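Hi,

Here is the model I promised to pass on.

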Amino acid sequence: MRELIFYLLIIGAGTGGELCVSRAMKAVGEVKDFRPAALIGVAVRALRVSWMWVGLTLMGTAFFALLAVLSMENVSLVVPVTALSYAAGALGGKFFLGEQVTRRRWTGVLLVCVGVALVIMGRR
Amino acid sequence: MKSSATLHLKTYLLILLMVIFGPLGNVLLGKGMKRIGAASIGTPAEALDLLSRVLTSGTIWLGIGSLITFFVAYMLVLSWADYSYVQPASSVAYAMVALLAHFMLREAVTPLRWMGVLVICLGVLVVGHTPPRTTEPT
């Protein structure tokens with residue numbers, strides 16, 4: 001039960017955080033210069049986008065939930081289960097970021113979900 | 001106008017970094033947390049004690065370092081590629097996690113679980129054949 005709450009936090013806050021961060025990075029624009037000074041500039045610009053802060057807070061929450069679950073369960077179970085965020089990610093990409101998720105991508109996401117189910121069933 | 005070949009190469013390189021350092025980070029965190037023991041956060045004092053044990057663990061910090069490397073690569077790639085493209089593409093990492101957990105942490109991975117991991121990778125392959133960007137640059 002307690003683990004379920006942590007999993008929901010990892011998936012919910014994690015995916016929500018990544019979506020916010022993705023939205024912030026799109027606002028920053030495509031990174032073309034990979035020299036350290038330019039990358040620091042990118043980081044500074046990214047931190048001026050408020051979506052970045054929302055995203056980082058959510059991802060921090062997910063991180064501590066991950067630590068909690070990892071103290072109770074094996075990595076080879078925990079990490080695949082968090083892949084359930086794929087469905088959440090595709091839905092969020094479509095409705096929050098306005099990305100077009102093709103039928104092919106949906107098929108891939110569905111396969112990933114089937115794989116996650118098998119991983120859970122493979123529990124000893 | 002950037003050629004799509006360059007865009008793909010840049011994307012794949014950063015995804016490779018993500019696939020190495022993301023799983024390594026998770027496995028190191030798992031190793032560190034296993035050593036610390038099951039989280040008990042019933043009272044604020046317990047939570048503080050747990051936090052201090054987490055923050056003084058070298059293994060945890062190695063894991064955090066790996067995850068930061070992963071995160072930086074992830075951020076960079078997200079500046080041009082779709083989230084719903086990058087997220088599934090990076091899930092090759094799930095196979096890496098299973099392999100690392102098995103060989104580094106000696107976790108027992110059942111055949112059914114390996115099959116699940118393979119199906120996840122198959123899903124990744126399907127997703128990898130879709131265009132990296134569907135929204136117009138703004």
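**What I found**

Chain A is made up of six helices, with zero strands. Read along the sequence, that gives the pattern α-α-α-α-α-α. Bear in mind as you read on that this is a predicted model.

On confidence, chain A has a mean pLDDT of 86, and 99% of its residues reach 70 or more. Among the elements of chain A, α3(A) has the highest mean at 93, while α5(A) has the lowest at 78.

As for overall dimensions, the C-alpha trace of chain A spans about 50 × 35 × 25 Å along its principal axes. Chain A has 124 residues, of which 47% count as buried. If you take the contacts in chain A with a separation of 6 or more, 78% of them are between residues 24 or more positions apart.

Chain B has six helices and zero strands too, running α-α-α-α-α-α from the N terminus on. Of its 138 residues, 44% count as buried. For contacts in chain B between residues at least 6 apart in sequence, 82% join residues at least 24 apart.

Now the interface. In total, 46 residues of chain A are in contact with 48 residues of chain B. On the chain A side, the elements giving two or more residues are α1 (2-28), α3 (50-70), α4 (75-82), α5 (85-95) and α6 (103-121). Which of them gives the most? That is α6(A), with 13 residues. By class, the side of chain A that touches chain B has 26 nonpolar, 14 polar and six charged residues.

I took a closer look at α6(A).

The same check works on helix α1 of chain B, which covers residues 4-36. Its 33 residues should span 48 Å at 1.5 Å a residue, and the end C-alpha atoms are 47 Å apart, which agrees.

Another backbone angle to check is at R106(B), which has a positive phi of about 60° although it is not a glycine. Most residues other than glycine have a negative phi. Where is R106(B) found? In the loop between α5 (93-104) and α6 (111-128) of chain B. Is R106(B) buried or exposed? It has 7 other C-beta atoms within 10 Å, and the cut-off for exposed is 12 or fewer, so R106(B) is exposed.

Last, a residue in chain A: T61(A), which is found in helix α3. T61(A) has 17 other C-beta atoms within 10 Å; buried needs 20 or more and exposed 12 or fewer, so T61(A) is partly exposed. Leaving aside neighbours within four places in sequence, T61(A) is in contact with L9(A) and A13(A). T61(A) and N74(A), on the other hand, are 13 residues apart in sequence and 20 Å apart in space, C-alpha to C-alpha.

Cheers

How values were computed. Residues are numbered from 1 along each chain as its sequence is written. Chains are lettered from A and ligands numbered from 1 in the order in which they are written. This is a predicted model: local features need pLDDT of at least 70, side-chain atom pairs count only at pLDDT 80 or more; totals for chains, interfaces and linings use all residues. Two residues are in contact if their C-beta atoms, placed from the backbone, lie within 7 Å. Helices (H or I, at least four residues) and strands (E, at least two) are DSSP runs, numbered from the N terminus. Ala, Val, Leu, Ile, Met, Phe, Trp, Tyr, Cys and Pro count as nonpolar, Asp, Glu, Lys and Arg as charged, and the others, Gly among them, as polar. The expected span of a helix is 1.5 Å times one less than its number of residues. pLDDT is the predictor's confidence in each residue, from 0 to 100.
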